Amino acid sequence: MPQADLKRSTLSGPLLLNAPHRAMFFVGAILLIAGVTWWLGVLAAVWRGWAFVAQPLPVGWMHGVVMQYAVLPPFIMGFLLTVFPRWLNTAPVPRRVYAAVFSLILGGTACLFISICGLPSALPFGLGAMLLGWMVAIAILGTHLHRQQWKDVWAKSAWLALVIGACGLAMILTASLGGPIGWVPAANHLATFGLLLPVYFTVAHRMVPFFSSNAIKGYTVVRPLASLVAVWVLSLGHLGFELLDAPAWRWIADVPMAALLFWQWLAWQPWKASRPGLLLVLYIALAWLPVSIGFYAIDSVHQMVSGVGSRALAPLHALTIGFFSAMLVAMVTRVTQGHSGRPLTMGVIPWLAFVGIQLATLVRVLAEYAALPLLWYISAASLWLLAMAPWVLRALWIYLTPRRDGAPG
């Protein structure tokens, strides 16, 4: 398409569907702001004693559902629908397929947000549409894996994480239709340690050494299959202790996992990654992974020795904000820059978002040890929102406008 025609198509639907990452990142970016804005409203209502609209599920559990099943997965699916054909050397995902995933996820998450904003009965419709979108994505990615005879270990790992996530989403849907309500917190644990941690680590395991070797002269690639398998086993072990309500025994999985993740981080030679900025932020985000699992291990040992109740929300937010959110900014900025014909650099707005996330993480972790934590919770959410809003607005504009270099996609 000529550049003039591309410019005339700005803000059009077809342009948004020019590539899987455009459509899915667009949804995810909107949900990032919507999810945290809603949660900040919940916290403010509790603080000021305001009446709050009825929720379809207990509000704390719903926070986990929103952030882990609605906000982050569109980014994951957009990335995987883009890179699977490249990893596997297969044809690109057909437009009609990723458009279907986009439509179902968009419609489903819209219903989900309608349900938490005053119409609880909309929740099953939203979860059903979201689940159908997940199944379409799983089916097409599985088809690509089948064509490659299931040989690529990273593709298999990411696909398995999506399958586990779909199981968790199905559990929440069942609970919303009158099934066991206890399936909701179980599904949230499943999302953290069966979907998000494995898929994030899988992508890092493949891509961080690749990016580093391209940017650092004399870099040694270290990404043994054993470390990927071990993280899977230990993450599922942690999940098992959570589901068995045995937090005092989590250290059995968490101690070796923290040690392994710290070793892997060092094996990737972070001291060599001071520049470029897009590489540095990956390593800073990755540092939160062993730190957060180490916090989990300390919490578990402390509970076993003292019998004092767990403060697992501190390591949980070190993991979800410090690692998941920071890595999201690092990876999505790289993909957005490269796939829009822009230079692979961290600009001012991405840097502000990334630094803001680091501050929000520290505030949210320290909140668990404060005498009056509610204001700390509000401060952390406000910091996160202030840091991310300009980044999101910039990203939305990029997804709705043609590539700068006039190339398709």
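## Exercises: pockets, helices and rings

The largest pocket holds about 990 Å³ of space. Keep in mind as you work that this is a predicted model.

### Exercise 1: The largest pocket

Find out which residues lie closest to the centre of the largest pocket, and which element gives the largest share of its lining.

**Solution.** Start at the middle. Of the 37 residues lining the largest pocket, His63, Gly64, Leu313, Leu316 and His317 are the closest to its centre. Next, look at the elements around it. Helix H3 (20–48), H4, H9, H13 and helix H15 (373–399) each give two or more residues to the lining. Finally, pick out the main contributor: H13 brings the largest share, eight residues.

### Exercise 2: The largest cavity

Work out how many cavities of 30 Å³ or more the structure has, then describe the lining of the largest cavity.

**Solution.** There are five cavities of 30 Å³ or more. The largest cavity has a volume of about 220 Å³. It is lined by 14 residues, and those closest to its centre are Ile76, Phe79, Tyr200, Val203 and Met331. Now for the helices: H5, helix H9 (183–215) and H13 each supply at least two lining residues. H13 gives the most here, with five residues.

### Exercise 3: Helix H13

Compare its reach with the expected span, and decide whether it is largely enclosed or largely open.

**Solution.** Helix H13 covers residues 313–338, which makes 26 residues. From first C-alpha to last it reaches 36 Å, close to the 38 Å expected at 1.5 Å a residue. For the second part, count the buried residues, meaning those under 20% relative accessible area. In H13, 23 of the 26 residues are buried, so the helix is largely enclosed by the rest of the structure.

### Exercise 4: Two ring pairs

Classify the pair of tyrosine 69 and tryptophan 134 as stacked, tilted or edge-to-face, then do likewise for phenylalanine 210 and phenylalanine 211.

**Solution.** The structure has 15 aromatic pairs in total. For tyrosine 69 and tryptophan 134, the ring centres are 6.3 Å apart, within the 6.5 Å limit, and the planes meet at 40°, between 30 and 60 degrees, so this pair is tilted. The pair also links distant parts of the chain: tyrosine 69 is in helix H4 (residues 59–71) and tryptophan 134 in helix H7 (residues 123–147), 65 residues apart. Both tyrosine 69 and tryptophan 134 are buried.

On to the second pair. Phenylalanine 210 and phenylalanine 211 have ring centres 5.9 Å apart and planes at 55°, so they are tilted too. One more detail: arginine 334 lies over the face of phenylalanine 211, 3.8 Å from the ring centre.

### Exercise 5: A loop residue

Locate threonine 90, say whether it is buried or exposed, and list what it touches.

**Solution.** Threonine 90 is in the loop between helix H5 (73–88) and helix H6 (95–116). Its relative accessibility is 17%, and because that is under the 20% cut-off, threonine 90 counts as buried. Leaving out residues up to four places away in sequence, threonine 90 touches Phe84, Pro85, His144 and Arg147.

Notes
Residues are numbered from 1 along each chain as its sequence is written. This is a predicted model: local features need pLDDT of at least 70, side-chain atom pairs count only at pLDDT 80 or more; totals for chains, interfaces and linings use all residues. Side-chain values use heavy atoms; hydrogens and water are left out. Rings of Phe, Tyr and Trp (its six-membered ring) pair if their centres lie within 6.5 Å; planes under 30 degrees apart count as stacked, over 60 as edge-to-face and the rest as tilted. Helices (H or I, at least four residues) and strands (E, at least two) are DSSP runs, numbered from the N terminus. Buried means under 20% relative accessible area, exposed over 50%, partly exposed in between (1.4 Å probe, protein chains only). A charge sits over a ring if NZ of Lys or CZ of Arg is within 6 Å of the ring centre and within 35 degrees of the ring normal. The expected span of a helix is 1.5 Å times one less than its number of residues. Contact means heavy atoms within 4.5 Å. On a 1 Å grid over the protein atoms alone, a cavity is a set of points where a 1.4 Å probe fits but cannot get out, and a pocket is an open set with protein on both sides within 12 Å along at least five of seven lines; lining residues have an atom within 4 Å of a point. Grid points are joined across faces, edges and corners, and a volume is the space filled by probe spheres set on the points.
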